[in-house]
Amino acid sequence: MRIVLLEDDLTQAKLVERWLIQSGWEVILFDSGTAFRAGIAKVNPDLIIIDWMLPDDDGLAVLVWLRETLHSTLPVMFATTRAEEASLVTALDKGADDYLIKPLRQPEMIARINALLRRGSQAAVPSAGAVSLGGIVIDPAAHRITRQGVSVDLTDREMELALYMLRNHGRLLTRQELLENVWRTSASIITRTVDTHISRLRAKLGLTPENGFDLSTVYHKGYRLEYRAPGAAPQA
């Protein structure tokens, strides 16, 4: 297993490198965004760790570039001093898979990396085919979603969330489950990002009673998506 570490603080980089090598992983270090962008395509890593604050770049911009330019689905972990929830939510929304706040702790970091690598291996299994419900059709292979035959513009994360919810309609989905299976991050992270994305999906996909959908909030637990044909009698 090969891990790429983008970290400009040499002391921090060497410390994390030692932890990773002790766990049996090969480590490739980059100390700037420029070096990372120039070299990452040649490295073929299994996981990437990114610091937010870089001397010549911004870790978030590097992540967006990685996802959009290289179309990479590699697991990416942020390791940063930025502890505010807004930063965490932004990183996850832009494609980060996990988020660690410095000072780093070796046992936690290694456990989180192992979890990401396991999830990445599971994600490599081909997904099921298209799924449809109430006029909404999601084709994961084509990366396309339509509502009543009209294409709907969703972010990658919104599409993953919609796919997961439609495949599990009628079942209570906790925030923890959604974080683990859609964001593929630790359920211990307290964030409102799930609620924000649910609200966007409700608006973009018309998940409302007049369209036959009931997307309900289960207090302190999560969400349940149910569907009945418009005009049909509610279930007892």
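**Local geometry around G206 and selected loops**

G206 lies in the loop that runs between α8 (193-205) and β11 (213-218). The model examined here is predicted. G206 has a relative accessibility of 9% and is therefore classed as buried, the limit for this class being under 20%. When neighbours within four places in sequence are set aside, the contacts of G206 are R147, L201, N211 and F213. The C-alpha atom of G206 is also separated by 9.5 Å from that of I136, a residue 70 residues apart from G206 along the chain.

Strand β11, at the end of this loop, pairs with β12 (residues 222-227) in the antiparallel sense, with six bridges between the two strands. One of the bridges links V218 to G222 in β12.

H143, in the loop between β7 (136-139) and β8 (144-147), is not a glycine but has a phi near 55 degrees. H143 counts as partly exposed because its relative accessibility is 44%.

The bond joining K102 and P103 is cis, with an omega of about 5 degrees. P103 is placed in the loop between β5 (98-101) and α5 (106-123).

Definitions and conventions: Residues are numbered from 1 along each chain as its sequence is written. This is a predicted model: local features need pLDDT of at least 70, side-chain atom pairs count only at pLDDT 80 or more; totals for chains, interfaces and linings use all residues. Side-chain values use heavy atoms; hydrogens and water are left out. Helices (H or I, at least four residues) and strands (E, at least two) are DSSP runs, numbered from the N terminus. Buried means under 20% relative accessible area, exposed over 50%, partly exposed in between (1.4 Å probe, protein chains only). Contact means heavy atoms within 4.5 Å. Two strands pair if DSSP finds at least two bridges between them.
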